[in-house]
Amino acid sequence: METGSPPRLRIGSGFDIHPVSSDPTRPLVLGGVEISSGFGLLGHSDADVVCHSVADAVLGAVGLGGIGDHFPDDDPSFSGANSLILLSRCVQMVAERGWRIINADVTVIAQKPRLSGFLREISSSVSLTISAPVTVKAKSPERVGALGENLGMVALSSALLWQP
Ligand SMILES: [Zn+2]
């Protein structure tokens with residue numbers, strides 16, 4: 001950074017949604033943390049809405065599209081993929097272009113299960129993966145609509161990046 005010139009800052013936003021799976025053996029994975037809930041989410045990879053929305057925010061901040069552009073869900077090599085690994089590859093892509101992550105903030109919208117006891121573990125798992133502070137909040141959809149009927153789970157993320 002030249003003396004006196006402002007740092008280059010970019011903000012990105014991410015959204016992800018996965019339906020609740022009817023397969024009772026499918027684990028619920030949020031930010032790489034397996035949560036015992038009696039149900040999991042349906043998806044080609046591990047259906048980790050937290051990792052996918054953070055990846056979209058990180059990639060979007062620097063104009064690299066979204067996670068689906070780099071890891072298509074019809075590619076058999078990503079079947080059951082660990083999304084922490086996909087997320088770390090997205091971080092690598094932005095780092096190769098000279099961008100560093102300042103922080104990310106995530107909101108998970110889920111009727112079930114109660115996530116308050118897991119938020120610290122989820123944030124430290126994602127934080128370790130993207131090498132930046134991550135805050136995770138959980139919101140109840142208050143029984144409204146499809147999310148309120150526990151048909152799916154949503155995660156929204158923002159990420160701030162800078163280029164020295
Ligand atoms: Zn996803």
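This is a predicted model: local features need pLDDT of at least 70, side-chain atom pairs count only at pLDDT 80 or more; totals for chains, interfaces and linings use all residues.
Trainee: What makes up the chain, in helices and strands?

Mentor: There are five helices and six strands. Both are DSSP runs numbered from the N terminus: helices are H or I over at least four residues, strands are E over at least two. Starting at the N terminus, the order is β-β-β-α-α-α-β-α-β-α-β.

Trainee: How do you know whether the radius of gyration of the chain agrees with that of a compact globule?

Mentor: The radius is taken over C-alpha atoms, and the globule rule is 2.2 Å times the number of residues to the power 0.38. For 164 residues a compact globule would have a value near 15 Å; the chain has 16 Å, and therefore the two agree. The C-alpha trace spans about 55 × 35 × 25 Å along its principal axes.

Trainee: Why is P19 called partly exposed?

Mentor: A residue is buried if 20 or more other C-beta atoms, placed from the backbone, lie within 10 Å of its own, exposed if 12 or fewer, and partly exposed in between. P19 has 13 such atoms within 10 Å, so it is partly exposed. P19 belongs to strand β1 (residues 8-19).

Trainee: Which residues does P19 touch, beyond those up to four places away in sequence?

Mentor: P19 touches L41, L42, L151 and G152. Two residues are in contact if their C-beta atoms, placed from the backbone, lie within 7 Å.

Trainee: What makes a set of residues a nonpolar core, and how many residues has the largest one here?

Mentor: Such a core is a set of buried Ala, Val, Leu, Ile, Met, Phe, Trp, Tyr and Cys residues joined through C-beta atoms within 7 Å. The largest has 43 residues, and V50, V54, V58 and V108 have the most contacts inside it. Helix α1 gives the most to this core, with nine residues. Leaving aside neighbours within four places in sequence, V50 has contacts that include L30, V106, V108 and I122.

Trainee: How do you know that β1 and β6 pair, and in which sense do they run?

Mentor: Two strands pair if DSSP finds at least two bridges between them. Twelve bridges join β1 to β6, so the strands pair, and they run antiparallel. One of these links joins R8 to its bridge partner Q163 in β6. Four strands form an open sheet in the order β1-β6-β4-β5, with mixed pairing. Strands β1 and β5 are its edges, since each pairs on one side only.

Trainee: What makes the crossover from β4 through α4 to β5 right-handed?

Mentor: A crossover is right-handed if, with the strands pointing away from the viewer, the path from the first strand over the helix to the second runs clockwise. The β-α-β path from β4 through α4 to β5 is right-handed. Strands β4 and β5 pair in the parallel sense over six bridges.

Terms used
Residues are numbered from 1 along each chain as its sequence is written.
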